[in-house]
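User: Hey, I've just opened this one and could use a quick tour. Can you walk me through it?

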Amino acid sequence: MIDYASILNDKVQKLKPSGIRKFFDIANEMDHVISLSIGEPDFTTPWHVRQEGIESLRKGHTWYSPNRGFLELRKQISNYYARRFNVEYNPEEEIVVTVGGSEAIDLCIRALVQQGDEVLIPQPSFVCYEPMTIMADGMPVIINTKPENGFRLTAQELEEKITPKSKLLILPFPNNPTGAVMRREHLEEIAKVVEKYNLIVLSDEIYGELTYGKERHISFADIKGMKERTVVVSGFSKAYAMTGWRLGYALGPEPVISQMLKLHQYAIMSAPTTAQNAAVEALKHGDSDIERMRDEYDMRRRLIVDEFCRMGLTCFEPEGAFYVFPSIKISGMKSEEFCEKLIFSQRVAIVPGPAFGDCGEGFARVSYSYSLKHIKEALERIERFLNER
Amino acid sequence: MSKLLELISKNNDFTTAQLAAMLGKSEDDIRNELYDLEEKGIIKGNKAVIDWNKVPDADVTAIIELKVAPKPETGFDDTAKIVMSYDNVESVYLAASSRYDLIATVRGKTIQEIAEFVSKRLSTLEGVMGTATSFVLTQYKGDGVVFYENDDEDEQRSLIL
């Protein structure tokens, strides 16, 4: 008998499984569950983009692509980030195309973090930063953002956690799960601390296209002096509804990107060829698709926020991504209990806030990447649940 | 096009409060706009979209093209008005086709019933010079909704993390 536990890497074995997953498994076992738990667009990839993917296959483009990604795609990414977020990157040496934004996060953390380095991670946030840090022998330092600040990271919160070992700050905005957005003035305050303590920043801007209201997303690299200390991570999944194509990218200073490229080269080799050809089309002709989907998300967001407030589930108004993060305190229950009872009594699946960090206790993540009809039904069930108590 | 119209044309199942929230307007604005749209006859009704393919004893639908001799002054209108007054006629269009002028969709219990309707009622109408009837076998899309192989999209998404 092999004692696998003694063979397997300790660090891997100690990683907690994702709290989102766990909850979804309950939902999967039940019939007639209506879910507001998924973190990907309900739209399918725009047809003209899919067609380019088909065309790429038809022409027989079935080989590896260059390690960095096709130059044509990198040029389009460069053009896109300059056009939409006002930051310019050299396609030859400051861009690497990855397998989703997730790979770019992994590469960035591994390229920068070594034994004992502290990685500052604001929470609630997406679940991957902490495990990736641990695997890179870094030390995760959690910063709990607060509802009274709209779950934004403040300079003071950041500065309080700084030690001589602080190296990398993760900036996960627009935020999954809270929908929080950092405006220019907020980022400028953070930039001062970053400068003062010589930090590097991983700015996860995967939801950058999904902000609501007049002001667009501001890239951290667009803040004065920050481009040289920032690695921007983004991708095609959320903006163009291309999750299944697995395509993302990192933008940053050449010395960092070239080390990330080495890891990418050895671990992944290159991003999918078909997806890259489709992505070129998305960047060239997809701006109107982004607007169309964003307008639709915006309508759903307004509906959910309005209905939740009416029901007494207070939520601060999310300004980005496609999640609302209501407080469930009115129920007198803990998040996990609330979500569990909700699914058993009304068959609505949402994700408990603590899946995104301990400070998510008292909240739940509700995704609105669902049709209005679906959302409306779920809202009615949630209201029944609250009334029954 | 009005955002309100666009929204309710896809789903007319919301309260005015919900519509107001979604469109960032006041409930009064929404009520006024809806009243106005109804007054002007722009909103004509509100009914469920049904995939008849799935209803076992559903009616038969036929698309009937009619070649019509236009009249001075009124053109095709007189004939169209007579065709549309039958209850089993679902829609009537004037088409710019070289072969036919009016297109009507007709529902009936059986093919025979529709055949009888066409031969006795439509082809005998004054000005109707010819008809061509096509029976619908499968409806792939209707009222902007895809029927055919339209599995619940939410079900297809799997949770990754």
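User: Let's start with A:Asp137. Where does A:Asp137 lie?
Analyst: A:Asp137 sits in the loop of chain A between α7 (129–135) and β4 (139–144). One thing to keep in mind as we go: this is a predicted model.

User: Okay, noted. What is phi of A:Asp137 near?
Analyst: Phi is near 65° there, a positive value in a residue other than glycine.

User: And is A:Asp137 buried, exposed or partly exposed?
Analyst: A:Asp137 counts as partly exposed, because 13 other C-beta atoms lie within 10 Å, and a residue has to have 12 or fewer to be called exposed.

User: What about A:Asn86, what's its phi?
Analyst: A:Asn86 has a positive phi too, about 70°, although A:Asn86 is not a glycine. You'll find A:Asn86 in the loop between α5 (71–85) and β2 (95–98) of chain A.

User: Buried or exposed?
Analyst: A:Asn86 is exposed, since it has 12 other C-beta atoms within 10 Å and the cut-off for exposed is 12 or fewer.

User: Switching topic: is the peptide bond from A:Phe173 to A:Pro174 cis or trans?
Analyst: That bond is cis, with omega near -10°. A:Pro174 is in the loop of chain A that runs between β5 (166–171) and α9 (184–196).

User: How about A:Asn176 to A:Pro177, cis or trans?
Analyst: The peptide bond there is cis, with omega near 20°. A:Pro177 also belongs to the loop between β5 and α9 of chain A.

User: Now the helices. At what angle do α12(A) and α14(A) pack?
Analyst: They pack at about 10°, and their axes are 11 Å apart. That angle is why α12(A) counts as roughly parallel to α14(A), the cut-off being under 35 degrees.

User: Which residues make that contact?
Analyst: From α12(A) you get A:Arg300, A:Leu303, A:Ile304, A:Glu307 and A:Met311. The α14(A) side brings A:Leu372, A:Ile375, A:Leu379, A:Ile382, A:Glu383 and A:Leu386. By type, the residues of this contact of α12(A) with α14(A) are 8 nonpolar, no polar and 3 charged.

User: Last one: how many residues does the contact take from chain A and from chain B?
Analyst: Chain A gives 19 residues and chain B gives 11 residues. On the chain A side, α3 (19–28), α12 (287–311) and α14 (372–388) each supply at least two residues.

User: And how do the residues on the side of chain A that touches chain B divide?
Analyst: There are 8 nonpolar, 4 polar and 7 charged residues on that side of chain A.

Technical notes: Residues numbered from 1 in each chain as written. Chains lettered and ligands numbered in written order. Predicted model: local features only at pLDDT ≥ 70, side-chain atom pairs only at ≥ 80, totals over all residues. Contact = placed C-beta atoms within 7 Å. Helix = DSSP H or I, 4+ residues; strand = E, 2+ residues; numbered from the N terminus. Nonpolar A, V, L, I, M, F, W, Y, C, P; charged D, E, K, R; others polar. Axes fitted to C-alpha atoms, helices over the stretch in contact; angles between N-to-C directions. Parallel < 35°, antiparallel > 145°, perpendicular 65-115°, else oblique. Buried ≥ 20, exposed ≤ 12 C-beta atoms within 10 Å, placed from the backbone.
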